[in-house]
Amino acid sequence: MQEISFKVSGIYCENCVRKVYKALSTLKGIIDIQIIPNFNEEYAEVHLKCERKIPREEIEDVISEVSQETPYHEYRVIWVKRRLLFS
């Protein structure tokens with residue numbers, strides 16, 4: 001199982017969240033999708049649990065497609081670097 005986290009910019013409302021959720025749910029191997037919107041900052045944090053390794057390009061493609069279908073909105077994936085914490 002793989003977990004993937006990233007942000008999507010251009011998230012202004014619940015309708016945006018639904019569109020991004022629906023687009024991500026078309027990816028094969030998705031077990032769980034969690035989207036945490038921040039409407040004030042116009043982005044959402046996205047956390048995916050997957051049965052298989054999903055290439056970044058696949059995720060970027062589905063977000064790009066939904067962005068093209070949505071006038072007045074431009075959704076874009078922002079990859080977040082992981083920080084390793086050592087005790």
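This is a short exchange about how some labels on a predicted model were assigned.

Modeller: The model is predicted, so local features need pLDDT of at least 70, side-chain atom pairs count only at pLDDT 80 or more, and totals for chains, interfaces and linings use all residues. Residues are numbered from 1 along each chain as its sequence is written, and side-chain values use heavy atoms, leaving out hydrogens and water.

Colleague: Why is phenylalanine 6 called buried?

Modeller: Its relative accessible area is 1%. Buried means under 20%, exposed over 50%, partly exposed in between (1.4 Å probe, protein chains only). So phenylalanine 6 is buried.

Colleague: And what makes tryptophan 79 partly exposed?

Modeller: Tryptophan 79 has 22% relative accessibility, so it counts as partly exposed.

Colleague: How many aromatic pairs does a search of the whole structure find?

Modeller: The search finds 1. Phenylalanine 6 and tryptophan 79 form it, 5.1 Å centre to centre, with 55° between the planes.

Colleague: Why is that pair called tilted?

Modeller: Rings of Phe, Tyr and Trp (its six-membered ring) pair if their centres lie within 6.5 Å; planes under 30 degrees apart count as stacked, over 60 as edge-to-face and the rest as tilted. At 5.1 Å and 55°, the pair is therefore tilted.

Colleague: Why is glutamate 51 called exposed?

Modeller: Its relative accessibility is 61%, so glutamate 51 counts as exposed. The C-alpha atoms of glutamate 51 and glutamine 2 are separated by 6.5 Å, though these residues are 49 apart along the chain.

Colleague: Is aspartate 61 buried or partly exposed?

Modeller: Partly exposed, because its relative accessible area is 45%.
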